[in-house]
Protein chains: 2
Amino acid sequence: MSVKKEWPFGITPENYPEFMGKCSEHTTRKGKDLEGYFLEKPDPDRVIYEVYEAQGTGRMRLALTILKPGKVGTEYHMTKGHFHEDPEAGEIYFALKGQGIIIMQDREGQACDLSLRPGTVACIPPGWAHRTVNAGKEDFVMLAIYPDTAGHDYAAIEKKGFIRRVMEKDGKPQIM
Amino acid sequence: MSVKKEWPFGITPENYPEFMGKCSEHTTRKGKDLEGYFLEKPDPDRVIYEVYEAQGTGRMRLALTILKPGKVGTEYHMTKGHFHEDPEAGEIYFALKGQGIIIMQDREGQACDLSLRPGTVACIPPGWAHRTVNAGKEDFVMLAIYPDTAGHDYAAIEKKGFIRRVMEKDGKPQIM
């Protein structure tokens with residue numbers, strides 16, 4: 001099912017579960033899918049995040065990510081993170097709920113991060129890997145928009161990892 | 001100047017004027033540019049809206065629209081509205097500030113509308129013309145994201161107009 005026939009529609013911080021029902025793809029990432037990503041070993045059956053993806057949205061795809069609150073050791077829950085296969089494809093994030101941090105780095109190792117709170121739009125340039133971290137105590141929910149040419153390259157990040165990590169220090173998230 | 005070299009960055013309801021400074025294109029639409037769009041003739045020198053467009057954002061373009069509050073007769077300020085030249089190109093809107101209404105219609109004359117308040121994401125399907133109306137008393141500010149293949153077809157709407165209009169009735173905006 002494509003989202004196309006259900007259009008037009010608006011997504012708000014309150015009604016995003018309706019959007020989930022319109023999506024053609026649903027992925028659940030558990031601890032066992034993220035082994036080697038965190039410094040410590042995650043509980044294999046713990047749900048870390050879920051992604052609902054819609055296609056047919058006009059040369060762009062929409063993906064809603066729900067990142068569960070929690071930590072593996074002192075490291076906050078996060079997505080795998082990826083580069084795009086298409087080096088010209090950027091991405092836009094829109095934070096709907098909760099408190100997140102986006103960590104980015106390019107292939108030369110230049111890194112940066114941005115705080116995401118409801119209402120923030122984050123622009124990820126072409127050629128930058130991106131990972132999202134839930135730095136809060138409730139679900140972090142965000143909508144990603146990317147060209148349908150983008151593709152996902154997880155391998156480069158799986159091998160090298162991100163330079164920055166979000167760890168708890170003195171009870172608060174800190175970027176290390 | 002492209003926005004590319006200024007990346008990555010986040011846009012919030014507070015800092016969007018910073019984004020305006022990163023944009024390569026700036027368009028001001030005055031009453032004289034919108035003659036024939038409203039039922040009454042607008043003051044030719046009144047600024048109705050401004051658009052700041054960024055390129056180089058990864059196969060997608062970003063456009064920030066600032067729609068001034070006000071009415072022409074009893075009709076609320078609005079954008080020209082357009083179809084995309086690329087029939088496969090959709091568009092996503094993020095409302096940042098104020099109260100807006102998006103009016104859409106397809107080439108067969110099917111029409112719909114959506115309320116836009118800060119935090120709402122609106123999905124405009126491929127093949128639907130879209131126009132934004134400021135239904136509030138302050139600036140209505142929104143960010144549009146569309147594939148860089150989209151293009152603008154203003155001519156079809158200029159000739160036929162939109163079926164729905166937003167008019168003041170009993171002191172409140174009403175869709176007619």
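View 1. Where pLDDT is low, the predicted coordinates should not be read in detail. The structure shown in this and the following views is a predicted model, and chain A as a whole averages a pLDDT of 91, with 95% of the residues scoring at least 70. For the complex, the predictor gives an ipTM of 0.87 and a pTM of 0.91.

**View 2. The axis that relates the two chains.** The same surface serves both copies, as 100% of the contact residues of chain B recur in chain A.

**View 3. The contact between chain A and chain B.** Chain B brings 35 residues to the contact, and chain A likewise brings 35 residues. On the side of chain B that touches chain A, at least two residues each come from strand S1 (9-11), strand S7 (91-97), strand S9 (111-116), strand S10 (121-124) and strand S12 (140-147) of chain B. S10(B) gives the most to this side, with four residues. Sorted by class, the side of chain B that touches chain A holds 23 nonpolar, eight polar and four charged residues.

**View 4. Strand pairing across the contact.** Strand S10 (residues 121-124) of chain A runs antiparallel to S1(B), and three bridges join the two. Within S1(B), the residue that stands opposite Cys123(A) is Phe9(B).

**View 5. Strand S8 of chain B between its two partners.** Strand S8 (residues 100-106) of chain B is mostly covered, with six of its seven residues buried. S8(B) is joined to S9(B) by six bridges in an antiparallel arrangement, and Met104(B) has Cys112(B) in S9(B) as its bridge partner. The hairpin of S8(B) and S9(B) has four residues between the strands, and in this hairpin Gly109(B) takes a positive phi near 95°. Seven bridges join S8(B) to strand S11 (residues 128-134) of chain B, again antiparallel, and here Gln105(B) stands opposite Ala129(B) in S11(B). In a regular strand the side chains alternate between the two faces of the sheet.

**View 6. Met142(B) and the largest nonpolar core.** The largest nonpolar core has 88 residues, of which Tyr93(A), Phe94(A), Met142(A), Leu143(A), Tyr93(B), Met142(B) and Leu143(B) touch the most other members. When its neighbours within four places in sequence are left aside, Met142(B) is in contact with Thr65(B), Tyr93(B), Phe94(B), Ala95(B), Leu96(B), Gly100(B), Leu116(B) and Thr132(B).

**View 7. Ser24(B) in its loop.** Ser24(B) lies in the loop between helix H1 (16-20) and strand S2 (25-30) of chain B. Because Ser24(B) has 13 C-beta neighbours inside 10 Å, this residue counts as partly exposed. The C-alpha atoms of Ser24(B) and Ala54(B) are separated by 5.6 Å, although the two residues are 30 residues apart along the chain.

Notes. Residues numbered from 1 in each chain as written. Chains lettered and ligands numbered in written order. Predicted model: local features only at pLDDT ≥ 70, side-chain atom pairs only at ≥ 80, totals over all residues. Contact = placed C-beta atoms within 7 Å. pLDDT = per-residue confidence, 0-100. Nonpolar A, V, L, I, M, F, W, Y, C, P; charged D, E, K, R; others polar. Pairing = 2+ DSSP bridges. Buried ≥ 20, exposed ≤ 12 C-beta atoms within 10 Å, placed from the backbone. Core = buried A, V, L, I, M, F, W, Y, C linked by C-beta atoms within 7 Å.
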